[in-house]
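Subject: A structure for you to look at

Hi,

Here is the structure I promised to send you. Open it up next to this email, and I'll walk you through what I found.

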Amino acid sequence: MVVGLLALRRVCAAGRETVWLLDLDNTLHDASAQIMPRINVMMTRFVADKLGVDEARASEVRVEYWRRYGATLLGMVRHHGVDPAEFLAACHDFPDLHLIVRPDMRLIHALRRLPGRRVLLTNAPRHYASQVVRSLGIAPLIHEVVPIESMVYTGRWQPKPSRPMMRRLLARLRVPAARCVLVEDTAVNLHHARWLGVRTVLVTSMLRHALAHAPRHRVGRGRRIQHQVQSVASIKRVSIRVPSAGGAA
């Protein structure tokens, strides 16, 4: 009986609390300097081995699939029938990750200030995401990790920016879209989430060079990107008004 009451309270509370959907790489930590270049190299080698092409052609295929599907994995599965588990393990192999990603006290304090549930939502695999979370020292502050392996429905992989995936996630979390805040470094993921009613925050500090050569994003009320911050720590200085249960989005 007590368990039933606690479950009911959690369901009821879900309609009132804020759920923070937090991206991982280049949002919670800087992956641009060491991690992403190594992932690109591992992916290129994997593609080259599977397709029997040189690394120059493999790099072209890797980028082409990333642009077309949002993840190289999807193109390799769809067109070449690769084993997703093999791909993810081979392309996220970091035995020295604890030397690259270190505890970040500023991030720890920032996450503690975010009220509600904190859910990691990443297109990275579970083993890698868990490693990074532990290395950053934020594992106790993350209520749930949703990796790319959790974005498979009826045999189809649907990572960010998939709207069907986001709908299913919101339904499973039992939270209205207007009470969720997606914190991301990738504008297209924010655009699709906002279309569903999710609140959006673009993090830019770890992508300064890329943003300098990209079109400026329109930010503000009524825009797909509602807020732009330099880091997760900057969210405390941004007024993110989430409606009360039953209120307007």
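You'll find threonine 154 in the loop between β4 (152-153) and β5. Its phi is near 45°, which is a positive value in a residue other than glycine.

Before going on, a word on where this comes from. This is a predicted model, in which local features need pLDDT of at least 70 and side-chain atom pairs count only at pLDDT 80 or more, while totals for chains, interfaces and linings use all residues. Residues are numbered from 1 along each chain as its sequence is written, and side-chain values use heavy atoms, with hydrogens and water left out.

The overall picture

The chain has eleven helices and eight strands. These are DSSP runs numbered from the N terminus: helices are H or I with at least four residues, strands are E with at least two. Of its 249 residues, 48% count as buried. Take the contacts in the chain with a separation of 6 or more: 69% of them come from residues 24 or more positions apart (contact means heavy atoms within 4.5 Å).

Helix α2

Now for α2 (35-51). Its 17 residues should span 24 Å at 1.5 Å a residue, and its end C-alpha atoms are 24 Å apart, which agrees. (The expected span is 1.5 Å times one less than the number of residues.) The buried residues of α2 are Ile35, Ile39, Met42, Met43, Thr44, Phe46, Val47 and Ala48. What do they pack against? The partners are α3, α4, α5 (84-91), α6 (97-100) and α8 (126-136). After α2 comes glycine 52, with a positive phi near 70°.

Helix α3

α3 covers residues 55-69, and its 15 residues should span 21 Å; its end C-alpha atoms are 21 Å apart, in agreement. Ala58, Val61, Arg62, Tyr65 and Tyr69 are its buried residues. They cover an arc of only 100° around the axis, so they sit on the same side of α3 (the arc is that of the directions from the helix axis to the C-beta atoms). The face turned away from that buried side carries the exposed residues Ala56 and Arg67. Among what covers the buried residues of α3 are α2 and α4 (72-80).

Aspartate 54 caps the N-terminal end, with a side-chain oxygen 3.3 Å from the backbone nitrogen of alanine 56. (A polar contact is a pair of N or O atoms within 3.5 Å; within protein, one must be able to donate a hydrogen and the other to accept it, and residues adjacent in sequence count only if both atoms are side-chain atoms.) Just after α3, glycine 70 has a positive phi of about 90°.

How the helices pack

Two packed helices are described by the angle between their axes and the distance between the axes. α2 and α3 pack at about 110°, with axes 8 Å apart. That makes α2 roughly perpendicular to α3. The residues in contact include Met43 and Val47 of α2 and Ala58 and Arg62 of α3. The axes of α2 and α5 come within 8 Å and cross at roughly 135°, which makes α2 oblique to α5. Here Ile39, Met42, Met43, Phe46 and Lys50 in α2 meet Glu86, Phe87, Ala90 and Cys91 in α5.

For the terms: axes are lines fitted to C-alpha atoms, for helices over the stretch in contact, and angles run from 0 to 180 degrees between N-to-C directions. Angles under 35 degrees count as roughly parallel, over 145 as roughly antiparallel, 65 to 115 as roughly perpendicular and the rest as oblique.

Glutamate 184 is in strand β6 (residues 180-184), and at 1% relative accessibility it counts as buried. A polar atom of its side chain lies 3.2 Å from the backbone nitrogen of threonine 186. Leaving out residues up to four places away in sequence, glutamate 184 touches several residues, including Asp23, Lys160 and Val203.

Lysine 160 is joined to proline 161 by a cis peptide bond, with omega about 15°. Proline 161 lies in the loop between β5 (156-157) and α9 (163-173).

Finally, asparagine 26 is in the loop between β1 (19-22) and α2. Its phi is near 65°, a positive value in a residue other than glycine. At 7% relative accessibility, asparagine 26 counts as buried.

Happy exploring!

Conventions:
Buried means under 20% relative accessible area, exposed over 50%, partly exposed in between (1.4 Å probe, protein chains only).
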